[in-house]
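Have the model open, try each task, and then compare your steps with the solution.

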Amino acid sequence: MQTPAELAALHFASYNVPGQLYSAPGRVNLIGEHTDYCDGFVMPAAIDFSTLIAISPRTDGHLVANSVNFNQRVDYPLDPYLEHRFAERQPNSPARRDGTLTTHWSDYPAGVLWALREAGVPIENGFSLTIVGDVPLGAGLSSSASVEVATAFAVLGATSYDMPLNKIAILCRRAENAFVGANVGIMDQFVSCCGAQDHAVMIDCRSLEYTLAPIPPDVRIVICNSMVKHSVAGGEYNTRRAEIEEGTAILRAHRPEIKALRDATVQDLALWGHEMKPNVLRRCRHVITEDDRVLAAVEAFRASDLTRFGELMHQAQASFRDDFEASCPEIDILIDLANKQPGCFGARLTGGGFGGCTVNLVAATHPAAFTQAMRAGYLAATGITADIYTSRASAGAHAITL
Ligand code: ADP
Ligand code: MG
């Protein structure tokens, strides 16, 4: 992709004014799956794939945005456009009724402007943006959050408006929920804001407090994209949410202080699990034990104990596959292959399930051999060529000075 200097040159060539530059990373979740909506713990890391944005202020009240990735420029009169687009998103809008409502890439930056305006940030004079990213789109590495957070940093920088990081994350999530119309949790935006070089970010999804856990320097994060996403994923996700609700309600009847599964323990399951349907019990057991694994994983990183971290990933994968029943044959193949490779400490499915990516912790001396073996093995077993990315944990969003 473009270097920051090339992006600055492109911005100048497009708008004839210099732009300020901002960057925000994508992310991968190392451990803690389906715990976010149970008020529990997740542990993602920002990756060194990111979205860069150049911004300059305008005076005509327009949003003009150019995405290099989409090779497309949009130009909207900001205030009326935000009203119109937001109205289209509402449950009974004509566009929704006709089924003509589609998502456009510019909804992500426009949504952030909408959310910033709601928060009182002065955006009415408009902005020119140039956007370029190397986070693979739609691969589960959250290119969407990286665009949102980069936009928020850019606009806050251009308007000299101070906002705490956690508020920026909440605002970007709001943009994606209410303006883009995607029902996502807070993790992606949060880690894109708060990531730190060579650290994982353990987020308490109830309080939104976070802890940085140091990732030993001699390890790399390797992400293998299975290139499949089974069509059951959406429906199964809703079923899992309903099962979790059902199980939580049973536990709450005995211990009213259990507001979410975050408050429940394996002892609660031992006492009252027999009142649940077997599938509900298994889903709850995944979430409750996963929270414990995330907390143990922080300690493993603090102790530089990669073997222990790998064991926790292994347990998390078994729980995701057997109790949560959200793996799939292609992912199982990637996990089996990874576990056979020298230098691989641990491997697990990351993301919602039924396809998507695996995350692997690999000794810093081994990513090239690991990548080659994974690609060849997966191709031989499935006929599919996996996209594979190697990253260190990287810093969160920041301004770039040339
Ligand atoms: P993911 O977040 O997993 O990559 P999403 O579907 O949530 O997948 O978000 C991808 C969308 O984000 C893209 O289809 C596009 O609309 C937007 N996007 C991501 N990167 C860029 C970019 N560089 N320029 C413009 N839009 C982008
Ligand atoms: Mg996304």
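**Exercise 1.** In which loop is Glu325 found?

*Solution.* Glu325 sits in the loop between helix 11 and helix 12 (329-339). Helices (H or I, at least four residues) and strands (E, at least two) are DSSP runs, numbered from the N terminus. Next, look at the backbone: phi of Glu325 is near 50°, a positive value in a residue other than glycine. Finally, Glu325 counts as partly exposed because its relative accessibility is 34%; buried means under 20% relative accessible area, exposed over 50%, and partly exposed in between (1.4 Å probe, protein chains only).

A note before going on: this is a predicted model, in which local features need pLDDT of at least 70 and side-chain atom pairs count only at pLDDT 80 or more, while totals for chains, interfaces and linings use all residues. Residues are numbered from 1 along each chain as its sequence is written, chains are lettered from A and ligands numbered from 1 in the order in which they are written, and side-chain values use heavy atoms, with hydrogens and water left out.

**Exercise 2.** Find Asn71 and decide: is Asn71 buried or exposed?

*Solution.* Start in the loop between strand 3 (62-67) and strand 4 (72-77), where Asn71 is placed. Asn71 is not a glycine, yet has a positive phi of about 50°. With 70% relative accessibility, Asn71 counts as exposed.

**Exercise 3.** Describe the surroundings of Thr35.

*Solution.* Thr35 belongs to the loop between strand 1 and strand 2. Thr35 is buried, at a relative accessible area of 0%. Leaving out residues up to four places away in sequence, Thr35 touches Gly40, Phe41, Val42, Val287, Glu290 and Asp291 (contact means heavy atoms within 4.5 Å). Now check the side chain: a polar atom of Thr35 lies 2.7 Å from the backbone oxygen of Phe41.

**Exercise 4.** At what angle do helix 2 and helix 6 pack?

*Solution.* Helix 2 (residues 78-89) and helix 6 (residues 165-180) meet at about 70°, with their axes 8 Å apart. Axes are lines fitted to C-alpha atoms, for helices over the stretch in contact, and angles run from 0 to 180 degrees between N-to-C directions. Helix 2 is therefore roughly perpendicular to helix 6 (65 to 115 degrees; under 35 is roughly parallel, over 145 roughly antiparallel and the rest oblique). Helix 2 contributes Leu82, Arg85, Phe86 and Arg89 to the contact, and helix 6 contributes Ala178, Phe179 and Val180.

**Exercise 5.** Work out the order of the open sheet of four strands.

*Solution.* The order is 9-10-8-11, with antiparallel pairing; two strands pair if DSSP finds at least two bridges between them. The edges are strand 9 (344-350) and strand 11 (387-391), each pairing on one side only. From one strand to the next, the twist averages 20°. Helix 11 (residues 306-322) packs on the sheet, touching strand 8, strand 9 and strand 10, and its direction makes about 30° with that of strand 9.

Then trace the pairs. Strand 8 (residues 219-229) and strand 10 (residues 355-363) are joined by eight bridges, and Val222 has Asn360 of strand 10 as its bridge partner. Strand 9 pairs with strand 10 over six bridges, with Cys344 opposite Val362. Six of the seven residues of strand 9 are buried, so strand 9 is largely enclosed by the rest of the structure.

Terms used:
Polar contact = N/O pair within 3.5 Å; in protein donor to acceptor, adjacent residues only side chain to side chain.
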